[in-house]
Structures are given as C-alpha cells and as structure tokens.
Amino acid sequence: MQLKTQTRPKVLSVLVMENRIDAATAIQFKERMRDVTRDGPARVVLDLARVQFLDSSGLGAIVAVKKMLGPDRTLELSGLTPTVEKVFR
C-alpha cells in the first residue's frame, strides 16, 4: 500500500496512491497509516482522490484508523470520488 505524506504546521496530509482499498489491502492500509501517523500532528487529512473503489473492509479500515488516532486527533477525508462517497453515505 503506497501512501504519500506531507507534513505542514499542525497538519499531516496522507494521499492514498492506490485505486482500491478492499479486503485484499485493508490490513496493509491500516498498518501503513499506523506507521505514518504515529508521531504526527493532531490533524490528519486523508486524501482519497485516487481511490476508485472502497468496500466494507476498506471502510472498516478507515474507521479503525480514526479510532487509532484517539480522541485528541482528528481524521478528515478529502477528494472523495462519487463511488467512494456513496460507501460513506
């Protein structure tokens, strides 16, 4: 799972470089997110602009990342494609 990160003052941006987060990649996604967010700012922006497919396993992985960040950190989503946005609805 490839993620591209950029740290700015008070914000960590994470761009998912894959076109799918599904059952085959969800665990790897969670592990990579744990690695890149371990010691970062309180605000994390997850850019899903390149993700064209997200299934329930991928949704569960994103929820797990939110929980992993804890109550003092926020996870914001950006760049949702219509297909991915529909899964969140």
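Predicted model: local features only at pLDDT ≥ 70, side-chain atom pairs only at ≥ 80, totals over all residues.

A: Residues are numbered from 1 along each chain as its sequence is written, and side-chain values use heavy atoms, with hydrogens and water left out.

Q: What pLDDT does the chain average?
A: The average is 95, and 100% of the residues score at least 70; pLDDT is the predictor's confidence in each residue, from 0 to 100.

Q: Which residues touch the most other members of the largest nonpolar core?
A: Val16, Ile21, Phe29, Leu46 and Leu48, out of 20 residues. Such a core is a set of buried Ala, Val, Leu, Ile, Met, Phe, Trp, Tyr and Cys residues joined through side-chain atoms within 4.5 Å, and buried means under 20% relative accessible area (1.4 Å probe, protein chains only).

Q: Which element gives the largest share?
A: Helix 2, with four residues. Helices (H or I, at least four residues) and strands (E, at least two) are DSSP runs, numbered from the N terminus.

Q: Switching to helix 1, which residues are buried there?
A: Ala26, Phe29, Met33 and Thr37. Viewed down the axis of helix 1, its buried residues fall within an arc of 55 degrees, so they line one face of the helix; the arc is taken over the directions from the helix axis to the C-beta atoms.

Q: And what covers them?
A: The cover includes strand 1 (3-8), strand 2, strand 3 (20-21), strand 4 and helix 2, with contact meaning heavy atoms within 4.5 Å.

Note on methods
Buried < 20%, exposed > 50% of the residue type's maximum accessible area, 1.4 Å probe, protein only.
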